[in-house]
Amino acid sequence: MLVKCRMKAAVIREVNDVRVESVPIPKIGRKEILVKMMACGVCGTDIEKMRGEFITPPVLGHEATGEIFAVGADVADFKVGERVLVHHHVPCYICHYCRHGSHTMCGEFQRSNIDPCGFAEYFRVPEANVDRGAVLRLPSSVSFEEATLVEPTACCIRGIMKSGIQIADDVLVIGAGPIGLIQIQLLKLFGASRVFSTDVLGFRLEAAERFGADETINPRQEGMVESIKAMTEGRGVDVVIVATGATEAILQALRSVRKGGTVNLFGAPHRGTSLSYDVSEIFIREISIIPSYSATELETNIALKLLVSGRIDLRGLVTHRFRLDRVTDAVKYAAGGKDCLKVIVIP
Ligand SMILES: [Zn+2]
Ligand SMILES: [Zn+2]
């Protein structure tokens, strides 16, 4: 049982000011569980939250894994000591959005969350998450660290499925950070014929090759759109996945996709971003723009299965680890991106 009643947790004070403070350990209800955090990934949306942009809900650290520390009296399915990964959002499955397949647009989905956040020694998992499949057991073969990447993988799977990737498609992934590298692996599993990867950082392009990219392009060294056209008989690729929030990347995507092709907006753009693009081109070239935000436990389960069966390598993405006390440095380091892929926070 808990002997102490306070713990360390990251708290956003104001813009660019995230502190690790002593806060009360959350009390759990009869149908809730308390998890002792063992590893939590730093996501692009954490960087955006620290900068005060809050496109997504303002809770830091959602790629959380750990060991069940306590269970409420009415929790029958989980036991203390089990190793789990927790998905932070769950849809209600009965509202208008859920009934029309837009589960991540459900009001309850965006409100539900772990408490206080994933960058904490312990976090409370609300009843809705416990009840509706958002707590997944980890087999002993899967480490906590690699399991932090299941959530981002689930988001990628949802984006790929929404984009309607077909066997033998040519796909361009813009951005070779952790997300881009997961996308490359998944696209190969989904049957893409060629996967092109672009990034301005050489070490990320090398990683892209390791993770299965067929061609890599550094837009600082060669014209990206021209290179893509040259490699696709002038057509452009069938699908582009924009795995970065950079505005320029969205423009490059629109120029690199073939007529009738699809652009998947995956990276969160900065709030207030507007594009200067001739909309008639989207019409006459029949370009589908498909945004994809977050994932549900459906994709989370698929992602975990792929990890457990060894179909994807998530371990190889983790390059830096920071202790919880240094969470601000962790987020800043991930934002700098100079020599890192996935940055994770450990207790
Ligand atoms: Zn994330
Ligand atoms: Zn709903």
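How many disulfides does a search of the whole structure find? The search finds zero. Keep in mind as you read that this is a predicted model. Here are some points to follow with the structure open.

1. **The four-cysteine zinc site.** Start with the zinc ion (ligand 2), which is coordinated through the SG atoms of Cys-92, Cys-95, Cys-98 and Cys-106. These contacts run from 2.3 to 2.4 Å. Along the chain the donors follow the spacing C-x2-C-x2-C-x7-C, a pattern you can look for in the sequence. The angles among the four donor atoms are 104 to 116 degrees, and the site is tetrahedral.

2. **How covered are these cysteines?** Cys-92 has a relative accessible area of 17%, so it is buried. Cys-98 is buried as well, at 6% relative accessibility.

3. Now turn to the zinc ion (ligand 1). Its protein donors are Cys-43 (SG), His-62 (NE2) and Glu-63 (OE), which lie 2.2 to 2.5 Å from the ion. Their spacing in the sequence is C-x18-H-E. Cys-43 sits in the loop between β3 and α1 (44-50), while His-62 sits in the loop between α1 and β4, so this pair ties together parts that are 19 residues apart in sequence. Both Cys-43 and His-62 are buried.

4. **A salt bridge across the chain.** Side chains of opposite charge can pair when their charged atoms come close. How many salt bridges does the structure hold? There are 18. In one of them, Asp-325 meets Lys-8, with N and O 3.1 Å apart. This pair links distant parts of the chain, 317 residues apart: Lys-8 belongs to strand β1 (residues 6-14), and Asp-325 to the loop between β14 (318-323) and α13 (327-336). Asp-325 has a relative accessible area of 47%, so it is partly exposed, and Lys-8 is partly exposed too, at 32%.

5. **A loop-to-loop salt bridge.** Asp-74 and Arg-30 also form a salt bridge, and their closest N and O atoms are 2.9 Å apart. Here the link joins two loops whose residues are 44 apart: Asp-74 is between β4 (63-71) and β5 (83-86), and Arg-30 is between β2 (17-24) and β3 (33-41).

6. The side chains of Arg-326 and Asp-329 meet in a salt bridge, with an N to O distance of 3.0 Å. Arg-326 is partly exposed at 45%, and Asp-329 is partly exposed at 34%. Elsewhere, Glu-32, Asp-115 and Arg-124 are joined into one network by salt bridges that share partners.

7. **Strand β6, covered on both faces.** In a regular strand the side chains alternate between the two faces of the sheet. Look at strand β6 (residues 122-125) with this in mind: Tyr-122 and Arg-124 are on one side, Phe-123 and Val-125 are on the other, and all of them are buried. Arg-124 is also the network member from the previous point. Strand β6 pairs with β3 in the antiparallel sense, over four bridges. Within this pairing, Lys-36 stands opposite Tyr-122.

8. **Backbone features to check.** Most residues other than glycine have a negative phi, and most peptide bonds are trans. Which residues does a cis peptide bond join? They are Asp-115 and Pro-116, with omega about 0 degrees. Pro-116 is in the loop between α3 (107-111) and β6. Glu-233 has a positive phi near 50 degrees; this residue is in the loop between α9 (224-231) and β11 (237-242). Its relative accessibility is 69%, so Glu-233 counts as exposed. Glu-286 also has a positive phi, about 50 degrees, although it is not a glycine. You will find Glu-286 in the loop between α11 (279-284) and β13 (288-291), and it is exposed at 59%.

How values were computed
Residues are numbered from 1 along each chain as its sequence is written. Chains are lettered from A and ligands numbered from 1 in the order in which they are written. This is a predicted model: local features need pLDDT of at least 70, side-chain atom pairs count only at pLDDT 80 or more; totals for chains, interfaces and linings use all residues. Side-chain values use heavy atoms; hydrogens and water are left out. A disulfide is a pair of cysteine sulfur atoms within 2.5 Å. Buried means under 20% relative accessible area, exposed over 50%, partly exposed in between (1.4 Å probe, protein chains only). A salt bridge is a side-chain nitrogen of Lys or Arg within 4 Å of a carboxyl oxygen of Asp or Glu. Two strands pair if DSSP finds at least two bridges between them. Donors are N, O and S atoms within 2.8 Å of the metal (3.2 Å for Na, K and Ca); water is not among the atoms, so sites may look incomplete. Four donors count as tetrahedral if all angles lie between 85 and 135 degrees; four count as square planar and six as octahedral if opposite donors are over 155 degrees apart and all others between 65 and 115; anything else is irregular.
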